[in-house]
Each structure stands twice: as structure tokens, then as C-alpha cells.
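Colleague: Could you take a close look at one part of this model with me? I would like a connected account.

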Amino acid sequence: MVNTIYGLIWVGILIKWGDWKNWRKYYPTILFFILGDFLYMYLLSDHYPMWRYVPSPGDEEAGIKNTHISFSIMAIKYPATCLAYLAHFPRHGFMKKTLYYLAWVIVYFANELVDLHFQLIRYFNDWNIWWSALFNSAMFLILKLHFHNPLFAWIASAVFVLFLWNQFDVPSTVFR
């Protein structure tokens, strides 16, 4: 049930603020965003997770698991984020750009606080809300970078992933 509510909220954001007319312009960045989560799911989710989504009681009764929730986030939240965040990013003014960027980081942070409050997310291996805040801060910068310069975004992502990999001492056994 909660997963459906989240999905409807993000569909509402997509309809209200998403730049549907120019969706092709954002498509590579949407795929980049989704691919990052697929890599996390494949490499870490089962063997060395940082976090896992916990279905609400109604969702659990319907057989919904972490993977279903993750896929719904990839299918709904990520495209909505890219189509709204990138489309309305201010063109001028350092302060405007900074506040806009921070607003999106705060939206994702607040979303995760709600998840924590209702026990819809569980952390593992020393991950916590503050690591998520750092991750989201880097993620929104890298999404904007990818929109304008994909190669630099891939490099920045690799550097950030290596930092996290070392910080959390991820074992090489995740490569299977």
C-alpha cells in the first residue's frame, strides 16, 4: 500500500513538473540513474547490502519484496526525478542553482526520513541516514553533470563508488 502511495506521489510530480515534451533530452540521464541502482542491486543488495527496503504490512501480504520496491523506484521515481529536476534547474545565479540543488537533496532526505520512521528501510554494514544524505548530495551533482557531460559523470561516479567501496570495506566476493 505504501509503495503505491509513493508511486502515485512521484507520478504526480512527473505530471506536474516533468518536461514530457522533451523527454528524449533526459533519457540518457534517466538510464544512467537506473543503471547505477541496477549495479547496486546486482553487486551488493543480496551479498553485502547498505540498505534494503522493507515492505509495509499490506505490501508484504501482497508478496512485495525489496526487489519489487527497488524496481518501482527505478521505473517511477527516477524518471520523475530527472524530468523534473533537470528541466527546472536554474540557468543563472549561483545561489539559485545551489538552493535548487539543495531542495532536491532535502526532498530525498525527507523521503528517507519517512521511510525510517515507518520502518520501510533498514540499514546494514554501517550505512546510515547521513551516508544517504552524502550519497544523495553526490547523486544530484552527478545527475546534473551527466546531463551536460556524460563522460565526466561516469568518471565522477567511478571515483565516488571507489570511495564508498573502500569506506565500507566491500569484499571482492560480491563479484560473482
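This is a predicted model: local features need pLDDT of at least 70, side-chain atom pairs count only at pLDDT 80 or more; totals for chains, interfaces and linings use all residues.

Does Trp104 count as buried or exposed, and at what relative accessibility?

Modeller: At 11% relative accessibility, Trp104 counts as buried (buried is under 20% relative accessible area, exposed over 50% and partly exposed in between, with a 1.4 Å probe and protein chains only). Leaving aside residues up to four places away in sequence, Trp104 touches Trp10, Thr81, Ala84, Tyr85 and Phe140, where contact means heavy atoms within 4.5 Å. Ile64, by comparison, sits 40 residues from Trp104 in sequence and 28 Å from it in space, C-alpha to C-alpha.

Residues are numbered from 1 along each chain as its sequence is written, and side-chain values use heavy atoms, with hydrogens and water left out. The protein chain has an average pLDDT of 93, and 100% of its residues score at least 70 (pLDDT is the predictor's confidence in each residue, from 0 to 100). Confidence is lowest in helix 3, residues 57-61, with a mean of 81, and highest in helix 6, residues 129-148, at 98.

Terms used: Helices (H or I, at least four residues) and strands (E, at least two) are DSSP runs, numbered from the N terminus.
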